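Hi everyone, thanks for coming.

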Amino acid sequence: RRLLDFAREKVPTEGYVDLNPLSEDVVRFVANPATLQDIEISTRLDPDLPRVWGDADLIKQVVLNILVNATQAIEGTGRVVVETRLLRPAEAASKPGAAPMVEFAITDNGCGIPEANMQRIFDPFFTSKEVGKGTGLGLSVSYGIVKAHAGAIKVESVVGEGSTFRVQLPTV
């Protein structure tokens, strides 16, 4: 269904979304399997975070896709941090005068993304995982969802140290 939504560029179902409880729900869903892999997931959620306007289920899918990728990038003991915050205007990937932006960031201490792959990570069906371990759709679908919400995704990564995915969404 998500692939079909992505292909059709589904218009988000509008409503106010609080990213903090949404993020906590996804963390709870992923935490048990992560713990079995010796991966600790922690949160740093801004208690004064304004809500965003969008489709809660689609935004939850983005958080889930990125969080699962973060845990899969870690071999052995590791950690993942999920953060939310209100961005200062200079930090936002929006035009001057646009709505204030909030950000959720997911940081892992996994294998990192090689520079050669950075330009392709949002391409449909691109995966660096071995055959049968991934479809290469998670990040491309997430990219489409974020763009449909007038947001942006930024990626910072160092091979051997980990990655941070920053998703910025407008508050109105």
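One term before we start: I'll call a residue buried if it has under 20% relative accessible area, exposed if over 50%, and partly exposed in between, using a 1.4 Å probe and protein chains only. By that rule, 44% of the 172 residues in this protein are buried. Please keep in mind that this is a predicted model, where local features need pLDDT of at least 70 and side-chain atom pairs count only at pLDDT 80 or more, while totals for chains, interfaces and linings use all residues. Numbering runs from 1 along each chain as its sequence is written, and side-chain values use heavy atoms, with hydrogens and water left out.

So, the overall layout. We have five helices and seven strands, taken as DSSP runs (helices H or I, at least four residues; strands E, at least two) and numbered from the N terminus. Along the sequence they go α-β-α-β-β-α-β-β-α-α-β-β.

Now the inside. A nonpolar core here is a set of buried Ala, Val, Leu, Ile, Met, Phe, Trp, Tyr and Cys residues joined through side-chain atoms within 4.5 Å. The largest one has 37 residues, and Leu67, Ile106, Phe165 and Leu169 have the most contacts inside it. Which element gives the largest share of this core? That's α3, with seven residues.

Take phenylalanine 165, and count a contact as heavy atoms within 4.5 Å. Leaving aside neighbours within four places in sequence, phenylalanine 165 touches residues including Ile66, Phe104, Ile113, Leu139 and Val155. Leu139 sits in helix α5 (residues 138-148), where it is buried, and so are Ser140, Val141, Ser142, Ile145 and Val146. Just after α5, alanine 150 has a positive phi of about 60 degrees.

Tryptophan 53 is partly exposed, at a relative accessible area of 32%.
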